[in-house]
Amino acid sequence: MNGATSENFSANARAALADRQLQAALGNVRVRFVQRRARAVAGLPEFDALRDAARDIRAHTLSHLDLYLERFEAKVIENGGRVHWCETADEARATILAICREAGARTVTKGKTMIGEEIGINDHLAANGIEPIETDLGEYIVQLRGETPSHLIAPAIHVTKKQVAETFRRHHTTLDPARILEEPRTLLAEAREMLRARFLAADVGITGANFLVAETGQGVIVTNEGNGDLTQTLPKVQIALASIEKMVPTLEDASVLLRVLARSATGQEMSVYTSFTGGPRRAGDQDGPERYHVVILDGGRSRYLGTEFEPMLRCIRCAACLNHCPVYQAVGGHAYGWVYAGPIGSVLTPALLGIEHAAPLPQASSLCGRCESVCPVRIPIPALLRRWREVAHARRVDGVRTRWALALWAFAATRPRLYRRVAAGTARLLALLAGRNGRIRRLPLAGGWTGVRDLPAPAGTSFFAQWQRRR
Amino acid sequence: MTAALLVTCLVDLFRPQVGFAAIALLEKAGCSVVVPPDQTCCGQPAWNSGDRATAQALARRVIAAFEPYERVVVPSGSCAGMLHVHYPEVFEGDDTWHARAVALAAKTRELTQYLDELGASSSIGAEHDGAVAFHDSCSALREMNAVDAPRRLLRAVRGLDLRNLADPQACCGFGGTFCVKYPAISDDMVTRKAADIGATGARTLAACDLGCLLNIAGKLSRDGISVRCFHVAELLAGMENTPAIGEPPDSRRTAR
């Protein structure tokens with residue numbers, strides 16, 4: 001689906017680890033994001049209480065989602081806009097294309113939207129003769145490079161500054177080739193310069209939504225560049241593209257979530273721009289679109305409501321779990337093979353694509369639990385990964401070797417007397433293999449261990465063998 | 001107080017001395033220690049592999065073997081976490097066993113936690129000359145909240161200069177079967193951990209989990225970095241003159 005390569009996570013990960021540029025770029029995640037969040041959290045004593053409140057708001061909304069979705073739609077209509085319900089990615093693509101065609105659109109500016117990635121809207125528009133232009137700096141870079149975002153909030157985190165400069169030189173051919181492009185500020189200024197005309201010329205603006213507020217029928221987006229505002233106010237038609245679980249009941253609720261979102265994501269108290277849009281331009285408004293559409297995607301989510309997987313839908317896409325995940329830090333986002341990376345991606349991808357298409361992802365975790373410890377809405381990510389492992393085991397997509405090893409071990413472990421003998425024998429054997437070295441450098445069938453590290457050997461006699469002797 | 005020791009399969013197989021150190025420390029702290037004979041493994045490998053049926057089969061044995069005692073003590077954060085946090089989850093939907101799992105969870109302690117509860121830091125007689133880096137295992141840290149206890153105990157070792165790692169929240173890359181399923185990623189993680197350990201300047205590393213210790217000691221050994229790795233219990237029981245984890249069996253050292 002959408003060229004997903006989640007099944008090849010293992011190979012993807014090895015390639016990522018061998019990619020020097022990528023490894024250099026990923027250093028930013030480990031240091032910058034983690035430190036900034038820590039500082040922001042330390043500065044707000046009630047942060048954990050806020051997380052509880054945020055979790056409760058999200059959980060409450062999900063358990064009454066039908067109600068809030070209907071209330072939201074009624075409000076949007078009251079404000080003069082339209083809501084389009086789309087069960088599948090296909091429907092969402094077709095809906096957006098129809099809106100663009102009706103507007104006679106030739107170019108479409110886009111703010112950041114992960115749902116746009118999920119439904120592959122850019123390719124679909126381009127294939128139909130409409131040019132999509134990403135306006136978030138990171139998304140713009142990624143688009144020029146013909147890539148996909150590798151992070152929820154920092155889509156070009158996998159690209160180094162030098163690579164950005166190269167990309168700009170290759171694509172911004174109208175500019176002086178001798179110009180100096182070293183500072184991030186210069187790069188940003190150049191992107192702004194190139195995008196200005198596109199903002200003004202766009203017929204339709206598509207943004208995502210961090211939240212949809214049921215009480216007011218408003219979409220909320222947060223950005224740090226202001227590109228979202230230009231995308232949603234300049235074109236004559238605006239589309240907010242979101243998935244069903246983005247709903248929050250009230251503005252008050254949204255404000256609680258915004259407080260944990262920015263701190264968890266970038267360590268800011270608030271994002272630089274927090275924009276609310278609620279419908280087309282009213283008489284007397286200075287600006288705003290003539291038409292306002294909200295396209296709401298289910299995309300397979302509703303089937304998880306009321307199930308043990310429901311907590312994954314609380315996610316507010318702050319990316320804290322990615323930033324703090326040692327696996328994400330090691331391999332970056334593209335290795336995960338689809339739109340959503342990191343710990344939450346390893347929970348969402350099997351849900352939205354099917355476990356058969358994403359079987360390695362829930363296994364690709366040491367279950368260290370750091371993700372859950374930083375999640376602003378307290379999603380029990382390790383427990384959900386384990387649930388997926390259970391599904392994979394039940395459907396026999398967890399690998400023949402794993403199943404055999406597990407079955408053999410279980411056979412012994414449920415028979416204490418046999419287990420004692422196996423353990424004592426293994427201890428002796430390992431000690432023998434290690435000889436005088438105390439460690440084993442290569443062990444057949446244990447290449448996963450000894451390929452990268454020695455195996456410290458036991459002294460030779462198991463605990464229970466000694467214990468029996470002592471008594 | 002009677003404490004039942006869950007030896008753990010890694011201690012049984014790789015480092016029996018940790019079990020004996022635990023018994024000695026518990027007895028010194030005033031406990032009578034029982035080692036229930038029928039124990040094998042807590043079932044964590046099955047639970048983390050999505051094999052609930054096997055996890056239940058093993059958990060039932062552990063519950064039956066350990067519930068007669070007042071305390072269950074485990075020289076491992078992750079096995080303790082299995083009993084303390086996960087056993088009730090393992091039996092969701094099975095009221096009888098769930099209740100028994102909850103009861104067992106309530107009396108389960110990670111070793112250093114329990115020693116600390118018993119005020120053992122005042123009676124630690126061990127000595128250590130120099131710096132010791134401490135590695136927090138993820139389960140001890142986040143499932144058992146055994147953060148201060150091992151540190152308090154280690155600080156009670158005379159002459160021991162305790163050093164924290166730069167990023168104590170970071171996983172060492174062990175993760176049970178994770179480390180053999182994704183060796184390249186695990187290697188990246190343990191490489192960083194080894195660098196953090198090196199940066200402390202300590203020549204000895206202590207931790208509460210043998211899984212982490214085997215992983216870290218194996219990496220340090222592969223890279224030729226000489227840091228001696230011990231379970232916390234071994235240092236507390238004054239066993240550091242025996243070969244460290246992964247050291248040759250005849251390298252019995254005297255204090256340097």
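**A guided conversation on two chains**

Guide: In this predicted model, domain 1 and domain 2 of chain B have C-alpha centres that lie 22 Å apart. Domain 1 of chain B covers 2–115 and domain 2 of chain B covers 126–236.

Visitor: How many residues does each of these two domains bring to their contact?
Guide: Domain 1 of chain B brings 26 residues and domain 2 of chain B brings 21 residues. On the side of domain 1 of chain B that touches domain 2 of chain B, at least two residues each come from α1 (9–14), α2 (16–28), α3 (44–48), α5 (77–90) and α7 (111–117) of chain B. The most is given by α5(B), with 6 residues. By class, this side of domain 1 of chain B has 13 nonpolar, 11 polar and 2 charged residues.

Visitor: How do you know what confidence the predictor places in chain B?
Guide: The confidence of each residue is its pLDDT, on a scale from 0 to 100. Chain B averages a pLDDT of 95, and 98% of its residues score at least 70. For the model, the scores are ipTM 0.95 and pTM 0.96.

Visitor: What span is expected of helix α11 of chain B, and what span does it reach?
Guide: The expected span is 1.5 Å times one less than the number of residues. Helix α11 (residues 183–200) of chain B has 18 residues, for which 26 Å is expected, and from its first C-alpha to its last it reaches 26 Å. Among the buried residues of α11(B) are B:I185, B:M189, B:V190 and B:I197. After α11(B) comes B:G201, with a positive phi near 80 degrees.

Visitor: Let us turn to chain A. Which domains does its assignment give?
Guide: The assignment gives domain 1 (1–43 + 319–398), domain 2 (64–302) and domain 3 (401–470) of chain A. The contact between domain 1 and domain 2 of chain A takes 25 residues from domain 1 and 23 residues from domain 2. On the side of domain 1 of chain A that touches domain 2 of chain A, α2(A) gives the most, with 12 residues. That side has 16 nonpolar, 6 polar and 3 charged residues.

Visitor: Why is A:A319 called buried?
Guide: A residue is buried if 20 or more other C-beta atoms lie within 10 Å of its own. A:A319 has 26 other C-beta atoms within 10 Å, and therefore A:A319 is buried. A:A319 lies in the loop between β10 (291–297) and α13 of chain A. Its phi is positive, about 80 degrees, although A:A319 is not a glycine.

Visitor: What makes A:R378 partly exposed?
Guide: The partly exposed class lies between the buried cut-off of 20 or more and the exposed cut-off of 12 or fewer. A:R378 has 19 other C-beta atoms within 10 Å, so A:R378 is partly exposed. A:R378 is found in the loop between α17 (370–374) and α18 (381–394) of chain A. A:R378 also has a positive phi, near 50 degrees, and is a residue other than glycine.

Terms used: Residues numbered from 1 in each chain as written. Chains lettered and ligands numbered in written order. Predicted model: local features only at pLDDT ≥ 70, side-chain atom pairs only at ≥ 80, totals over all residues. Helix = DSSP H or I, 4+ residues; strand = E, 2+ residues; numbered from the N terminus. Domains from an automatic or database assignment. Contact = placed C-beta atoms within 7 Å. Nonpolar A, V, L, I, M, F, W, Y, C, P; charged D, E, K, R; others polar.
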